[in-house]
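Reader: I would like to go through the labels attached to this model and hear what each one rests on. Please set the values against the cut-offs.

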Amino acid sequence: MASTTDVKVCVIGAGAAGLCAARHLLAEGVDVVVLEQAAQLGGTWVYTENVGYDSFGLPIHTSMYKSLRWADQVLTYKYSHFPYDVLYRTNLPKEIMGFPDFPVPPSEKSYLPAKDMLAFLQLYADTHGVTAHIKACIDIPSTRATCKACGRRAMGCHELRSRERGRDHDPLPLRDGDVMHSHDYRVPEIFAGKRVAVIGAGPSGMDIALEICSVTEKVYLSHHLSEKPKTVFPDNLEQKPDVLELKGKTAFFQDGTSAEVDVIFLCTGYLYNFPFLDPSCGIAVEDNCVEPLYKHLVNIHHPTMCFIGVPYYVCAFSMFDLQVRYYVRAMKGLFRLPSKESMVAHREEEMRDRAARGFTRRQAHMMGPDQVGPARGARFKFTLTLHPTV
């Protein structure tokens, strides 16, 4: 077994994925430094009312809005046109939000406020001695495959896609009025009395569209879901198909209808973005597919670099833990990563299999049921069963 005591690793990001990486590396005696551009650990779990850029001139990372809570609290909006109780909760209870070896502390509620999850991450970092290894407020340098900026291996750790999809990539022309992305949303009051077209009906689009109905004149929820959501919406929300064109303040929809809107509100997801990586790392993002990665994790060109947390629609904390332990055991020599040629062949075979099952290239890292095993077998099972020692 190879010794890890003389190995140096640079972990980029002090969110849940980065903290998990540092925790397991420290347990193996690895020399670890965690670089974080924000002022504190927590990543996307840190709420701030600020949007745009922080006091250091760096883009604000978190997309957390004020009402997003891991709680089963019922909020009642007292508006004449909105006589509904709104239940804000996420799709994951605390019982599966913790790490396999460090569960969320017991409490009466299963769905916790974001501040409680942030406190949990702080407890996790303190308990495992990670906090002392975090360097915050860092303008992360260009990082090469061996992290030559600090002479270390590199582990990029991500909880959230780091650039909003929609501002530069949606085929919507410039228009009169406001355009914003859900990344910059914090409170509904900014939409008071306005007519808002919400583009996208994913979790954020649905949640925010429902919330802003409490203050808006009208909300148009534009999406291309094959089946309309079964949610009972308030009277001032109308579902629409995709937007074809914008002229001035008029939105034209695919069904031939149109509507006057004051705000285009993009809930169109996020793009993978690694501005801190030097081109020599060999990592490219095309159609939101990060490549070339072996098992969505290891940089095939430079296996001393890995990316924790790229897959989505997963039980995130458990996945972070599995990915980290897999990579650390490879570092220790408990098993050898395949040759570059074998990793390329594995990746290409997986891509063909996913394409045959209807996944687009943009969905290259979408797991869902595949975190257990794809519908037609477990050849690419997202577990560690390929290496029984793990």
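Reader: What are the ground rules?

Author: This is a predicted model, in which local features need pLDDT of at least 70 and side-chain atom pairs count only at pLDDT 80 or more, while totals for chains, interfaces and linings use all residues. Residues are numbered from 1 along each chain as its sequence is written, and side-chain values use heavy atoms, with hydrogens and water left out.

Reader: Why is the pair Lys-94 and Glu-95 called a salt bridge?

Author: A salt bridge needs a side-chain nitrogen of Lys or Arg within 4 Å of a carboxyl oxygen of Asp or Glu. The closest N and O atoms of Lys-94 and Glu-95 are 2.8 Å apart, so the pair meets the rule. The structure holds 16 salt bridges.

Reader: What makes Lys-94 buried or exposed, and what about Glu-95?

Author: Buried means under 20% relative accessible area, exposed means over 50%, and partly exposed is in between (1.4 Å probe, protein chains only). Lys-94 has 6% and is therefore buried. Glu-95, at 49%, falls in between and so counts as partly exposed.

Reader: How do you know that Asp-262 and Arg-195 form a salt bridge, and what parts does the pair tie together?

Author: Their N to O distance is 2.9 Å, which is within 4 Å, so the label applies. Asp-262 lies in the loop between β14 (258–260) and β15 (263–266), and Arg-195 lies in strand β9 (residues 195–199), so the pair ties together parts that are 67 residues apart in sequence. Helices (H or I, at least four residues) and strands (E, at least two) are DSSP runs, numbered from the N terminus. Asp-262 is buried at 16%, whereas Arg-195 is partly exposed at 23%.

Reader: What do the totals for the chain look like?

Author: The chain has five helices and 21 strands. Of its 390 residues, 51% are buried. Among contacts (heavy atoms within 4.5 Å) with a separation of 6 or more, 59% are between residues 24 or more positions apart.

Reader: How do you know that the span of helix α5 is close to the expected one?

Author: The expected span is 1.5 Å times one less than the number of residues. Helix α5 (residues 340–356) has 17 residues and reaches 24 Å from its first C-alpha to its last, close to the expected 24 Å.

Reader: Why are the buried residues of α5 said to lie on the same side?

Author: The buried residues of α5 are Met-343, His-346, Arg-347, Glu-350, Asp-353 and Arg-354. They cover an arc of only 125° around the axis, which puts them on the same side of α5. The arc is taken over the directions from the helix axis to the C-beta atoms. An α-helix has 3.6 residues a turn, so residues three or four places apart point the same way. On the other side of α5, Glu-341, Arg-352 and Ala-356 are exposed. The cover over the buried residues of α5 includes β18 (289–291) and β19 (293–294). Just after α5, Gly-358 has a positive phi of about 95°.

Reader: How many disulfides are there?

Author: A disulfide is a pair of cysteine sulfur atoms within 2.5 Å, and by this rule the count is zero. Cys-281 is buried, with a relative accessible area of 0%. Cys-289 is buried as well, at 1%.

Reader: What kind of peptide bond joins Glu-291 and Pro-292?

Author: The bond is cis, with omega about 0°. Pro-292 is found in the loop between β18 and β19.

Reader: What is the phi of Lys-295, and what is that of His-296?

Author: Lys-295 has a positive phi of about 55° although it is not a glycine. Phi of His-296 is near 60°, again a positive value in a residue other than glycine. Lys-295 lies in the loop between β19 and β20 (298–299), and His-296 lies in the loop between β19 and β20. With 15% relative accessible area, Lys-295 is buried; His-296 is buried at 6%.
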